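Visitor: I'd like a hand with reading a structure that is new to me. Could we go through a few features one by one?

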Amino acid sequence: MRSRLIAAAAAIAAAAAFTTAIVGAAGPANAATCNGYVGLTFDDGPSNDHTPAILNALRQNGLRATMFNEGQYAASYPAQVRAEVAAGMWVGNHSYTHPHLIQQSQAQIDSEISRTQQAIANAGGGTPKLFRPPYGETNGTLQSVESKYGLKEIIWDVDSQDWNNASTDAIVAANARLTNGQVILMHEWPANTLAAIPRIAQTLASKNLCAGMISPQTGRAVAPDGATNPPPTTPGGGTSQPPNSPPPASSPPPAGGGACSASYAITSSWQGGFQASVTVTAGSAGLSRWTVKWTFANGQTITQLWNGTLSVSGSSVTVTNVSYNGNVPANGSTSFGFTGNWNGSNAVPSLSCSS
């Protein structure tokens with residue numbers, strides 16, 4: 001999973017804290033309701049040569065990803081670690097020097113992991129909760145050290161083969177194989193990976209899949225706020241599908257319901273973009289369905305939305321419940337979230353809620 005040397009020859013020449021807004025640049029062609037989440041991951045950074053271009057491409061296409069950084073590079077390029085966080089990415093541990101850890105002693109493994117934890121934290125990337133072993137190699141000794149530092153081991157479900165000179169078409173095709181909850185291996189240095197990003201965004205949108213975070217609890221991709229889409233319950237109790245399967249297509253909500261209110265909170269922000277959560281609270285009568293509306297200022301757009309059904313007409317935004325979160329008990333609440341872009345305005349919209 002590595003080969004900064006190979007990439008160096010083929011390097012890349014291609015390619016506000018908003019309190020309510022979202023990404024203004026070139027987001028995906030259509031903001032899609034998320035029927036599932038996938039984990040995009042990029043190994044072997046950061047660097048001055050490749051990280052800026054990858055981050056720019058991800059932001060322009062409304063994608064977020066987990067960057068598995070090597071400690072030696074986090075120490076050498078701390079500004080790029082901060083740039084990853086500022087761009088809304090998550091930062092994971094990929095060892096300090098990318099050795100074959102299963103050939104090392106426990107003390108050597110401990111050094112590789114602990115020094116990387118410290119290097120990333122010192123650079124402003126926070127304390128990683130995810131660890132990707134170099135080459136995907138693991139054993140019991142390594143896993144015991146991971147546990148010592150509270151790290152969840154992340155391998156992958158799909159290998160893009162970008163490290164093995166895969167073409168841009170092949171990298172896009174690999175991403176097209178992803179299903180809800182799955183994680184794909186990519187790297188920040190191959191030029192073909194950079195070129196594939198716009199098409200990756202289009203491919204995921206066509207499948208109603210969104211780029212999510214990787215849960216430190218399960219190691220699966222979930223909504224960016226860490227929530228999973230709850231599956232529907234069956235008449236006999238339990239669930240009709242696994243927790244990480246996509247939610248069912250929404251069915252028409254029943255008529256009726258009481259009053260409701262909606263509150264808006266920014267959960268993460270970065271240059272040109274942000275992530276927000278909207279909480280819908282029922283009145284004393286409870287709800288059987290809900291609709292939240294607002295109007296964005298010029299340049300504000302939604303790129304991804306989860307736990308709701310999105311409708312956009314110009315700057316007017318309408319979000320309605322999906323089948324599993326329309327019923328809200330009296331004085332209870334539910335929520336939906338989204339990521340977006342802003343371009344020149346950070347005006348906070350006023351929300352209305354109806355049932």
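Guide: Let's begin with names: helices and strands are DSSP runs, numbered from the N terminus. And keep in mind that this is a predicted model.

Visitor: Which other residue than glycine has a positive phi near 65°?

Guide: That's Asn165, again in the loop between S7 and H7.

Visitor: Are Gln161 and Asn165 buried or exposed?

Guide: Here you need the cut-offs: buried is under 20% relative accessible area, exposed is over 50%, and partly exposed is in between. Gln161 has 31%, so it counts as partly exposed. Asn165 has 61%, so it is exposed.

Visitor: Which peptide bond is cis?

Guide: Look at the one from Gly45 to Pro46, where omega is near -5°. Pro46 lies in the loop between S2 and helix H2 (51–60).

Visitor: Now helix packing. At roughly what angle do H7 and H8 cross?

Guide: For a pair of helices, look at the axes, then at the residues. The axes of H7 (residues 168–176) and H8 (residues 191–206) come within 8 Å and cross at roughly 35°, and the crossing is right-handed. Residues making the contact include Ile171 and Val172 of H7, along with Ala195, Ala196 and Ile200 of H8. By class, the contact has seven nonpolar, five polar and two charged residues.

Visitor: Last one: how many residues line the largest pocket?

Guide: For a pocket, ask about its volume and then its lining. The volume here is about 250 Å³, and 15 residues line the pocket, with Trp90, Val91, Thr127, Pro128 and Lys129 nearest its centre. In the lining you'll find nine nonpolar residues, five polar and one charged.

Visitor: Which strand gives the most to that lining?

Guide: S4 does, with three residues. Strand S4 (90–93) and strand S10 (213–214) each supply at least two.

Key: Residues are numbered from 1 along each chain as its sequence is written. This is a predicted model: local features need pLDDT of at least 70, side-chain atom pairs count only at pLDDT 80 or more; totals for chains, interfaces and linings use all residues. Side-chain values use heavy atoms; hydrogens and water are left out. On a 1 Å grid over the protein atoms alone, a cavity is a set of points where a 1.4 Å probe fits but cannot get out, and a pocket is an open set with protein on both sides within 12 Å along at least five of seven lines; lining residues have an atom within 4 Å of a point. Grid points are joined across faces, edges and corners, and a volume is the space filled by probe spheres set on the points. Helices (H or I, at least four residues) and strands (E, at least two) are DSSP runs, numbered from the N terminus. Ala, Val, Leu, Ile, Met, Phe, Trp, Tyr, Cys and Pro count as nonpolar, Asp, Glu, Lys and Arg as charged, and the others, Gly among them, as polar. Axes are lines fitted to C-alpha atoms, for helices over the stretch in contact, and angles run from 0 to 180 degrees between N-to-C directions. A crossing is left-handed if the near helix is turned anticlockwise from the far one by less than a right angle, and right-handed if clockwise. Contact means heavy atoms within 4.5 Å. Buried means under 20% relative accessible area, exposed over 50%, partly exposed in between (1.4 Å probe, protein chains only).
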